[in-house]
Amino acid sequence: MAISVDTFFLNSDAQGTLQAQIQEMIAEGILSGRFRVGEKLPSSRKLALHLGISRITVTLAYTELLANDYLTSRGRSGYFVSENAPVPPSYTPPVQSSEAVDWDHVLVRKFTGGDTPRKARDWRSYRYPFIYGQADPSLFDHANWRLCSLRALGQKDFAALTDDYFDQDDPLLIEYIARHTLPRRGVIARPEQILITLGAQNALWLAGQLLLNRKSKATIEDPTYYTLRDQLHHVGCQVDCIPVDQDGLPPQEISEDTDVIFCTPSHQSPTTATMPMARRRELLRRAHDIDAVIVEDDYEFEMSFMGAPSPALKSLDSDGRVIYVGSFSKSLFPGLRLGYIVGSEPFIRQARALRANVLRHPPGHVQRTVAYFLSLGHYDAQIRRTAKVLQDRRQVIEEAITEHGLTVSGEGVYGGSSLWMQAPDGIDMAQIAEQLKPDSVIVEPGAPFFSAQNRQHNYFRLGYSSISANRIAPGLALLAQALKQAGSG
């Protein structure tokens with residue numbers, strides 16, 4: 001790799017000769033880690049031309065650095081950072097000594113904080129990662145994904161790769177979602193009613209921005225997806241958090257002044273409760289009576305290995321008041337950041353305009369790659385393979401839970417990739433989770449899912465999508481031991 005000539009500039013206020021300044025500039029770049037071992041320096045001619053100085057000055061500076069073993073010469077190839085140079089293990093930009101701007105005063109909105117936790121970036125290094133929502137590399141179809149990606153890079157798809165869609169999406173992907181994905185959930189939609197998003201989180205944000213303001217009221221489940229609650233906090237609307245029961249959100253608890261209802265009827269997040277058909281119809285009647293819009297997050301419906309999932313709430317909607325959110329994050333991989341939102345055409349038209357204003361559109365190459373992966377049958381094959389593995393892991397984790405006397409608070413009747421667990425009263429699962437890290441165990445504390453007024457600390461989520469079956473029982477043994485010690489302490 002070559003070091004760009006644009007990274008070099010002279011300071012008119014600097015002390016010393018030009019030769020000394022060049023030597024100091026290069027030595028500082030090496031010592032700070034900006035210039036790495038083996039990287040090629042600009043030629044003396046290019047650097048001299050860029051700095052507007054004599055070439056001999058640059059050559060003399062290079063020669064001095066060569067003598068001090070900062071640089072090495074490779075004949076006609078030029079000068080490179082020497083392997084013997086005192087290079088630090090990583091580059092750390094220098095800290096500015098002072099800031100002239102009072103950012104606490106300048107920033108009119110602050111989006112840090114909230115309940116959305118930071119997930120461990122190094123979770124793959126843990127032996128027992130009961131982490132939710134991450135991809136298992138042993139289950140992903142790398143070969144066919146690569147082929148689809150290469151096909152999308154071909155000349156035939158040059159427009160899909162390079163064009164600015166502005167507010168539109170890949171027609172092949174939209175067609176597949178309309179003709180194959182949505183009908184599996186009982187949903188019929190035209191292309192004009194479908195918008196591709198950067199995951200379900202982006203779809204929920206679009207809905208919140210378009211449907212709510214400071215005078216509005218949103219009803220959400222409690223516990224719920226914490227990022228949704230944080231998003232609504234930034235909108236500034238009133239938020240009514242309704243505790244869920246074994247059947248999900250109770251419609252009779254929704255207040256008459258509610259404008260938007262956010263729910264996860266097929267697989268409640270995080271308790272995994274499935275809303276019965278009778279309650280779904282009751283929820284639709286309640287929304288009709290109070291003239292509220294429903295935003296349905298239908299995450300993880302593909303992972304229904306224990307039986308066919310119930311039709312989506314959207315499929316029962318005769319008023320056009322349900323906005324449906326889907327995602328490929330759980331079924332493919334979360335780093336894909338691709339989902340979709342389905343609704344009445346006037347709503348999608350505005351969502352399309354807002355998306356275009358903020359981010360234009362999701363990358364065309366990514367959309368076309370996914371379209372090929374879906375349409376060529378690789379997606380369905382992966383879903384079947386993943387469902388079989390999750391079913392086996394589910395059996396193992398249930399047996400281990402029974403063996404160690406752990407308590408399941410919620411388990412999806414159709415499957416899924418996690419269990420909602422309850423520790424004894426008085427146990428703080430955030431503390432237990434920290435205690436388990438040295439034992440190479442990751443569990444997800446449940447407190448962030450609950451609203452502030454109903455925060456409960458003895459719940460946690462056990463994901464089994466990224467842990468092999470043979471490590472489930474040993475990992476749960478360590479968890480059970482930590483809970484037992486905490487209970488007797």
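A disulfide is a pair of cysteine sulfur atoms within 2.5 Å. This is a predicted model, where local features need pLDDT of at least 70 and side-chain atom pairs count only at pLDDT 80 or more, while totals for chains, interfaces and linings use all residues. Residues are numbered from 1 along each chain as its sequence is written, and side-chain values use heavy atoms, with hydrogens and water left out.

**Stop one: the cysteines**

How many disulfides does the structure hold? There are 0. Next, pick Cys 263, which is in no disulfide either; its nearest cysteine sulfur, that of Cys 241, is 14 Å away. Cys 263 is buried, at 2% relative accessible area (buried means under 20%, exposed over 50%, partly exposed in between, with a 1.4 Å probe and protein chains only).

**Stop two: salt bridges**

A salt bridge puts a side-chain nitrogen of Lys or Arg within 4 Å of a carboxyl oxygen of Asp or Glu; by this rule the count is 24. Select Arg 352 and Asp 169, which meet at 3.8 Å, N to O. Arg 352 and Asp 169 are both buried.

Now move to Asp 240 and Lys 217, whose salt bridge spans 3.9 Å, N to O. Asp 240 is partly exposed at 21%, whereas Lys 217 is buried at 8%.

Then show Arg 321 with Asp 319, a salt bridge of 3.2 Å, N to O. Arg 321 is buried at 12%, and Asp 319 is partly exposed at 40%.

Finish by selecting Arg 190, Glu 192, Glu 345 and Arg 349 together: salt bridges link them in a network.
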